[in-house]
Amino acid sequence: MITRPRRTKTTLIFGAAAIWGLVLIGCVAVSRTMLAPSKIAGATFIGSKECVQCHEDQTAHFESASHARLALADPKVGDPGCEAWHGPGSIHAAGGGSRGTIINPRKSPETCFQCHLDKRAQFSLPNSHGVMNGNMGCADCHEVHKGNAIVDTGADLEAMNATCTRCHTQQKGPFVYKHGAMREGCVACHNPHGTINAKMLVARDANLCLRCHLEAGDPGSSGQINANAIHHTSENHNSRLMQGACWSAGCHEQPHGSNASFHFRN
Amino acid sequence: MKANLHNLTRTTRFSAGTLLLCTGLLAHGAEKAPATDALPLFESYIKVTGQAAAISGDKAVFESRAKQPGNGGAGIEDLHIVKELSKTTTGTMDARALTGPDDYLGRYNLTKVGVGSVDFGFKRFRTFYDGVGGFFPTNNQWLPLNDQSLHIDRSKAWLEAKVALKDMPEFEVRYTNELRSGQKDSTIWGDSSQTGLAFNLAPNPVSPVRKFIPSYLQVNERHEALEASVKHTVGKTALKLTLLGDRTNNNDTRYVIRFPGEVIPWSIASLSTTTPAGQIASPQNIAKASAPATSWNNQVTIAENDAMRTATNGLFATADTIINDKLTLRFGANYEPVHTDIGGGRPLVTSAPTATGVLPVATDNYAGLYGGTRVKDYAGNVALDFKASKTFFVKLALRAQSEFIRGSSGYNVSDTRNWFHDGVYLSARRDEGHGISARVPGRRLPQLEELYHWRIDRLDAQQDGLCATEG
């Protein structure tokens, strides 16, 4: 007869210690702290009321900001306030706002990556905006102090695509012949954080266009994409689809919109 | 035996527990390490840096991926000087100068507490591109781009002035001038028949032509914006009025090669007597009509020029009224007329076989693109923010937009047929959106957002095209 070993006090102590060690290792290994406020050596939390005295522009409408809905893990911070992202502000306030005593996420995206870890991965893909090398910052495109962090959600006043066309003026138009996809937003075809495809496209070939322009195949055919499969046209695109992307040479070279052709040719 | 097993497992658990505890304590200690750089403790400082890369693969790919120059660079990474000019006035200067990535920054800010500030500066950096085209694995074809230095320099100069006197309207003026110039890769890839595919693969009419020849885009763009705003609080209402003048002047050209190195043999073309009805016989058409299908391509070089000037004027107004601690009412409206002038052309040069050799022939091109677009855009929204409790926030919002667009364009086509095209496209669009969103920032309640979002997008468009043929 085999008897189980007794669960002694020593076993429980060391078992608990082992679990605690695994938890700590797990937290460090993923290199992120879920909704925990940033830290500054030697500084303590003083609350957002101190920040308002000098930074009223940034704090006045924060209650309407997307990030105002976050719940924080550290009870010392209380409500999600400035110090959740900028770190404890005691040294900064005592020094009259001296530089280098507070975390500025505009200088580094690491504060944002604490939660948005997937974006760090996307910015590391071959085709991405220059956030990782400091040419751009998250706040260049996202409003973090008021309203929606992503423009044109809900019922914002800002125009669709306004975030992108501030820099990409050539794609803004207006064009004589506008591609309807522009009304779906730039993100219908591009992932602005980064993709493996050129120009941050979400698909590298004709499949990008077929996401909207594919209709049901002709049941009488062999199942190949046929004349009826391409929305808005009666032309047979069988061989053309095999040649390359829809926007390649000799075809629809102006996918954002054209001033010369209703078919978005150049 | 049982005791031995017990002792063994107990010893193992003891060792594992001790190891994990030590590792955990070390990890916990590592987490407490200071997260900030020691250098920013200085009010004024300078950082000098240098970098170099040892590249074993493609240099252009490295530059594109790493967003750094393959030849390295050095210079001042960060210069920061702060000077207290008086008890209430502070001057701050920031600078950066890195050769290689052409990364430069110069900025000066002068702030007087209770009066306002002036901020001006210049910023420039470079982005790199590798110029790789499509890849065709069947024939292991990967054609490199012509020897072009592919990078875009982006620069920005700005001047901003702000006057914020106590209990007075706050004025702000900002002017920016942004430039983009250089060459970058394009995904408008050219064609090639050198794929190794047979012309016809029964039963499908598969062409051997594939588009994977790299091309590049010459960019020359300017964007200027002048923005003036006034902000004032009357009672519980914060009012803001903004005037915007925005100008763009873009002149881009895309260079594409189709069927590089391919040409129809003159001996075949010279045997042809076919003349397509209504067209003047060209060596290219004659050759196409008589040559074997596998030789139906001649090299074509294309320079697609696309020019556009845009003038946008905007008027934006917002009013935020704090009704009480829980309710805030927000209004917003804008009016934005846009005026665009266009230009450009698409010259094609074909390598045509003749009795005396292969000659370049301009064919099937257009030039003198003219016309433009006029837009009038009206938009408005109203929103009610309701903070029911410390952990519950609801936003109700409505938005409406009307956009009227009128565009027209025309161009000349001067190939062997000499025809002329003039098209006019008119459209009027009405875009309406309604949305209700709720946000719950609490820890216990589920986080909800955009409970409801509805948008109507109506497009009333008409197109009127005219295509005339001249002799």
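## Contacts and make-up of chain A

In chain A, 51% of the contacts between residues at least 6 apart in sequence join residues at least 24 apart, a contact being two residues whose C-beta atoms, placed from the backbone, lie within 7 Å. This is a predicted model, in which local features need pLDDT of at least 70 and side-chain atom pairs count only at pLDDT 80 or more, while totals for chains, interfaces and linings use all residues. Residues are numbered from 1 along each chain as its sequence is written, and chains are lettered from A and ligands numbered from 1 in the order in which they are written.

Chain A holds 10 helices and two strands, where helices (H or I, at least four residues) and strands (E, at least two) are DSSP runs numbered from the N terminus. Along the sequence, these elements follow the pattern α-α-α-α-α-α-α-α-β-α-α-β.

## Make-up of chain B

Chain B contains four helices and 17 strands, and of its contacts with a separation of 6 or more, 64% are between residues 24 or more positions apart.

## Paired strands in chain B

Strand β3 (residues 89-98) of chain B runs antiparallel to strand β4 (residues 103-112) of chain B, joined by 10 bridges; strands count as paired if DSSP finds at least two bridges between them. T90(B) has T111(B) in β4(B) as its bridge partner. Four residues lie between the two strands of this hairpin, and G100(B) in the turn has a positive phi of about 95°.

β4(B) also pairs in the antiparallel sense with strand β5 (residues 116-128) of chain B, over nine bridges, with G121(B) in β5(B) as the bridge partner of R107(B). The hairpin of β4(B) and β5(B) has three residues between the strands, and G114(B) takes a positive phi near 85° there.
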